[in-house]
Amino acid sequence: DSLIDCNFFSAKALKVSLYSCASISLSASFILFLEINQQFEAAIGLVEKDLLDQAEEACNRILETSPRHDQTINLLGGIHHKRGDFTEAIQLWKKVL
């Protein structure tokens with residue numbers, strides 16, 4: 001498997017491009033990347049709707065699969081911050097620094 005700077009690509013745009021090419025064989029790790037980014041976008045949507053409990057659950061599911069997904073850890077810190085749990089928010093944000 002070759003490494004790709006996944007932060008460079010929009011997951012939605014990349015999925016559309018890749019799925020439209022039936023002959024492309026995707027590696028399992030790349031498919032996992034696409035799935036995690038789709039879950040992450042869903043978690044952001046839940047935060048935007050102020051559904052913080054559901055957003056936290058979504059983040060925790062992502063972190064079960066990808067414990068070092070910095071964007072998810074950052075979002076989880078934001079969820080705790082919105083709830084006023086500043087100590088937990090800071091601890092999470094320190095993990096991504």
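Q: What pattern does the protein chain follow, read along the sequence?
A: The pattern is α-α-α-α-α. The secondary structure comes to five helices and zero strands; helices are DSSP runs of H or I with at least four residues, strands are E runs of at least two, and both are numbered from the N terminus.

Q: What does pLDDT average over the protein chain?
A: The average is 83, and 73% of the residues score at least 70. pLDDT is the predictor's confidence in each residue, from 0 to 100.

Q: And where does pLDDT stay under 50?
A: Over residues 1-9, for which the model has seven contacts beyond four places in sequence. A contact here means heavy atoms within 4.5 Å. Where pLDDT is low, the predicted coordinates should not be read in detail.

Q: OK, helix 4. How far apart are its end C-alpha atoms?
A: They are 20 Å apart, which agrees with the 20 Å that the 14 residues of helix 4 (residues 70-83) should span at 1.5 Å a residue. The expected span is 1.5 Å times one less than the number of residues.

Q: What follows helix 4?
A: Gly 84, whose phi is positive, near 90 degrees.

Q: Which residues of helix 4 are buried?
A: Thr 72, Ile 73, Leu 75, Leu 76, Gly 77, Ile 79 and His 80. Buried means under 20% relative accessible area, exposed over 50%, and partly exposed in between, with a 1.4 Å probe and protein chains only. For the whole protein chain, 31% of the 97 residues count as buried.

Q: What do the buried residues of helix 4 pack against?
A: They pack against helix 2 (28-48), helix 3 (52-65) and helix 5 (86-95).

Q: Switching to the largest nonpolar core. Which residues touch the most other members?
A: Of its 16 residues, those are Ala 43, Val 47, Ala 55, Cys 59, Leu 75, Leu 76 and Ile 79. Helix 2, helix 3 and helix 4 are the elements that give two or more residues to this core, and the largest share, six residues, comes from helix 3. A nonpolar core is a set of buried Ala, Val, Leu, Ile, Met, Phe, Trp, Tyr and Cys residues joined through side-chain atoms within 4.5 Å.

Q: Now charges. How many salt bridges does the structure hold?
A: Four, where a salt bridge is a side-chain nitrogen of Lys or Arg within 4 Å of a carboxyl oxygen of Asp or Glu.

Q: What does Lys 82 pair with?
A: Asp 50, with the closest N and O atoms 3.6 Å apart. Lys 82 lies in helix 4 and Asp 50 in the loop between helix 2 and helix 3, so the pair ties together parts that are 32 residues apart in sequence. Asp 50 counts as partly exposed, at 48% relative accessibility.

Q: Which residue forms a salt bridge with Glu 56?
A: Arg 83, with the closest N and O atoms 2.6 Å apart. Glu 56 lies in helix 3 and Arg 83 in helix 4, so this pair ties together parts 27 residues apart in sequence. Asp 53, Glu 56 and Arg 83 are linked in a network of salt bridges.

Methods: Residues numbered from 1 in each chain as written. Predicted model: local features only at pLDDT ≥ 70, side-chain atom pairs only at ≥ 80, totals over all residues. Heavy atoms only, no water.
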